[in-house]
Amino acid sequence: MSLTPDVLTAVRSDVARLRAEITQALVGQEAVVDQLITALLAAGHVLLEGVPGLGKTLLARATAQALSLSSARIQFTPDLMPSDITGHTVLDVAADGTQSLRVRRGPVFTHLLLADEINRAPAKTQSALLEVMQEGQVTLEGRALSLPRPFMVLATQNPLDAEGTYPLPDAQRDRFLMKLELGYPEAEDEVRVVRRATGTVVGDALPLDGVRPCLDEARVLTLQRWAADVAVDDAVVDYAVRLVRATRDQPGLSSGAGSRGAIALVRLGRACALQDGRDHVTPDDIKRHALAALRHRVVLAADAQLDGRQIDGLLHEVLARVSAPRR
């Protein structure tokens with residue numbers, strides 16, 4: 001189906017309703033909510049980083065509830081095994097002595113997976129998500145089992161507490177379409193957070209009563225297909241590639257982004273254009289989420305760390321020196 005004006009109007013209405021429902025539960029993180037919706041339209045996975053208590057779990061639960069999708073949560077710990085994530089096979093013995101293997105599916109068989117504190121598990125367990133995130137399937141006993149669609153991983157990590165953590169391998173970080181950073185809310189928003197969490201909520205229950213389902217599984221898949229139909233001019237693709245290549249010789253970065261970074265920029269640009277009711281991508285769409293698309297794909301050099309430099313600041317320098325194509 002072509003992206004007619006009626007389709008683009010309907011998309012903007014769907015996104016507005018979804019944003020409104022999620023913000024019924026999550027207060028003071030509007031920019032993060034918008035970025036999460038963009039990643040959803042682009043059919044990508046998201047890495048959330050922030051100190052405890054800022055609503056990372058609430059964001060995932062509210063999103064799943066607003067989308068009428070199934071969700072699951074895995075608490076990553078040092079003793080977590082790969083089979084605890086993907087599932088395993090069980091040998092069944094019938095009364096007549098015959099034996100058969102039965103597949104017991106793990107928590108990844110869901111639509112929205114919250115991988116809480118993903119850097120608490122060793123690399124062997126983290127790598128169990130590689131096939132899941134890249135190919136949308138799990139291989140058990142030689143059988144490829146497809147995951148439900150849509151499928152999205154929301155992984156969280158705490159930037160402050162490094163004790164007992166295992167940094168994500170480069171290959172796995174690269175599988176995340178975006179890395180979002182949750183900061184502290186403004187004072188007024190924090191008052192609203194406390195009021196909402198202590199109003200009629202019992203104990204530590206999440207304030208999800210106000211979140212109503214507004215989109216279903218079929219509609220999300222349709223939105224993702226429409227995002228893939230947004231036109232991208234060759235000059236815009238070239239701009240995305242030049243941005244990524246510029247990270248490779250940026251002073252202060254010891255390692256730049258790979259080609260998957262440019263692919264992420266284009267996918268996110270398409271989702272941005274669709275949200276804004278346009279059937280084509282502009283250079284501003286590429287720039288809008290460039291930090292979230294690239295900050296986890298580059299490595300800060302040792303001398304830059306000693307100087308107190310930050311990755312986002314260096315990426316801002318890249319965006320400033322790479323010229324965007326004229327419309």
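Rings of Phe, Tyr and Trp (its six-membered ring) pair if their centres lie within 6.5 Å; planes under 30 degrees apart count as stacked, over 60 as edge-to-face and the rest as tilted. By this rule there are zero aromatic pairs.

This is a predicted model: local features need pLDDT of at least 70, side-chain atom pairs count only at pLDDT 80 or more, and totals for chains, interfaces and linings use all residues. Residues are numbered from 1 along each chain as its sequence is written, and side-chain values use heavy atoms, with hydrogens and water left out.

One ring does meet a charge. The charged end of R105 sits over the ring of F109, 4.8 Å from its centre. Such a contact requires NZ of Lys or CZ of Arg within 6 Å of the ring centre and within 35 degrees of the ring normal.

Next, the backbone. Helices (H or I, at least four residues) and strands (E, at least two) are DSSP runs, numbered from the N terminus. The R149 to P150 peptide bond is cis, with omega near -5 degrees. P150 belongs to the loop between β7 (143-146) and β8 (152-157).

S68 has a positive phi, yet is not a glycine. E117 also has a positive phi without being a glycine. The table places both.

| Residue | Phi | Loop between | Relative accessibility |
|---|---|---|---|
| S68 | about 55 degrees | α3 (56-66) and β2 (71-75) | 43% |
| E117 | about 50 degrees | β5 (112-116) and α5 (123-126) | 26% |

Buried means under 20% relative accessible area, exposed over 50%, partly exposed in between (1.4 Å probe, protein chains only). S68 is partly exposed because its relative accessibility is 43%. E117 is partly exposed because its relative accessible area is 26%.
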